[in-house]
Amino acid sequence: MRLRCLVPALCLCVSVMAGKYSREVNEPRPRDEPEFRIAKLNQVWEKANRMQLSPVQLAELHSDLKIQEKDELQWKKMKVEGLDESGEKEAQLRRSFNVILAKYEMDGKRDTRSLESNSLKNHDTQEEYAFNDPRLDKLWSKAQSSGKFSSEELLVLKREFQHHKDKMHEYKVLMDTVSRTEAIHKNVISPLEGDAKEHVLQQKHTQLKEKMRNLNLGFERIHKISHEGFTENSEFREPRVIELWETAKLGNLTKDELDSLKEELYHFETKVEKHSHYQEQLELSHQKLQHVEALGDKKHIKQTLEKYNTLAEKTREMGYKMKKHMQDLSNKISRQGLQHNEL
């Protein structure tokens with residue numbers, strides 16, 4: 001039924017293609033059944049479908065919201081059982097939700113992105129200013145024109161730049177959260193309540209320092225690669241895997257534990273690369289769908305749309321599993337480091 005309603009609409013202008021296709025891809029269920037079990041996540045999803053996000057962004061957002069949903073449902077169970085008396089888990093979920101909003105620029109702040117879908121600028125100009133950060137834009141421009149990177153290496157490097165941009169968003173959101181918490185802390189009257197909030201503030205400041213350290217390390221790596229190119233002795237290439245590995249090395253893990261983790265990260269990196277490949281294919285599929293729509297052959301449109309929907313669903317499913325695996329690895333590394341510190 002959803003498909004029959006959508007096919008005639010494909011003859012509308014290309015500028016609304018992303019919204020139409022995203023609804024077909026992301027709402028395969030009955031019209032009256034929500035995508036998520038939590039109201040605020042549905043509100044974000046509906047807003048995203050009204051925005052001109054790319055198919056890859058929508059697939060990424062869906063994965064992030066699914067993980068957020070899983071974590072929030074687990075927290076609700078914890079709350080019923082009285083296992084989050086300090087409210088720290090609830091605060092953590094609130095921060096992760098704000099990070100999602102900031103990551104996809106849905107947090108109500110001024111959208112500084114260039115309107116690439118309506119822009120008359122050429123492709124090179126769009127690529128040059130892809131990250132909306134002067135330092136990253138300058139490095140990216142130099143890397144593109146350096147001749148030190150193959151097409152495949154440029155794609156890997158671009159993902160690292162994008163990952164760094166996302167991390168900067170996360171840092172800004174956490175910094176805003178700390179500022180708000182400090183403002184509330186100043187109005188506290190009860191000494192006991194003040195001690196509790198002081199503890200929360202200390203935790204947040206520790207997180208800020210850790211994120212800033214990771215940002216600095218990440219930028220140093222990007223700066224070095226942009227000028228020198230990838231080296232043969234690099235243990236990993238994918239930015240998310242590199243970050244996990246660097247975090248593990250800074251901990252107090254034994255050599256055997258690091259060797260075991262490295263092997264697991266190799267497998268995870270294969271999963272990340274496969275997901276990135278599917279994202280690239282999804283973008284190509286979307287471009288083909290736009291081209292076929294312009295020709296107006298309804299039978300061809302239907303066939304191409306079905307292939308696009310299948311690929312989008314596979315990309316979305318793979319993205320969720322990949323991000324969940326990354327979350328598990330991150331938790332595992334943190335727990336192991338904590339255990340060693342306590343010994």
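**Figure 1. Gln68 counts as buried, at 3% relative accessibility.** Buried denotes under 20% relative accessible area and exposed over 50%, with partly exposed in between, for a 1.4 Å probe and protein chains only. The model is predicted, so local features need pLDDT of at least 70 and side-chain atom pairs count only at pLDDT 80 or more, whereas totals for chains, interfaces and linings use all residues. Residues are numbered from 1 along each chain as its sequence is written, and side-chain values use heavy atoms, with hydrogens and water left out. Gln68 is found in helix 4. Helices are DSSP runs of H or I with at least four residues, numbered from the N terminus. Between Gln68 and Leu93, which are 25 residues apart in sequence, the C-alpha to C-alpha distance is 7.6 Å.

**Figure 2. Helix 4 comprises residues 55-80.** Its 26 residues reach 38 Å from first C-alpha to last, close to the 38 Å expected at 1.5 Å a residue. The expected span is 1.5 Å times one less than the number of residues in the helix. Just after helix 4, Gly82 takes a positive phi of about 70°.

**Figure 3. Helix 3, residues 39-50, has 12 residues.** From its first C-alpha to its last, helix 3 reaches 17 Å, close to the expected 16 Å. The buried residues of helix 3 are Leu41, Asn42, Val44, Trp45, Ala48 and Asn49. These residues lie on the same side of helix 3 because they cover an arc of only 160° around the axis; the arc is that of the directions from the helix axis to the C-beta atoms. Ala39, Gln43 and Arg50 are exposed residues on the face of helix 3 turned away from its buried side.

**Figure 4. The structure holds 4 aromatic pairs.** Rings of Phe, Tyr and Trp (its six-membered ring) pair if their centres lie within 6.5 Å; planes under 30 degrees apart count as stacked, over 60 as edge-to-face and the rest as tilted. Among the pairs is the edge-to-face one of Phe36 and Trp45, with 6.2 Å centre to centre and 85° between the planes. Phe36 and Trp45 are both buried. Phe236 and Trp245 also form an edge-to-face pair, at 5.9 Å centre to centre and 70° between the planes. Phe236 is buried, as is Trp245. Ring pairs link Phe236, Trp245 and Tyr266 into a cluster.

**Figure 5. Lys40 lies over the face of Phe97, and Arg135 over that of Phe219.** A charge sits over a ring if NZ of Lys or CZ of Arg is within 6 Å of the ring centre and within 35 degrees of the ring normal. The distance from the ring centre is 4.3 Å for Lys40 and Phe97, and 3.8 Å for Arg135 and Phe219.

**Figure 6. Glu293 is buried, with a relative accessible area of 7%.** Glu293 is found in helix 11, which comprises residues 255-295.

Key:
Helices (H or I, at least four residues) and strands (E, at least two) are DSSP runs, numbered from the N terminus.
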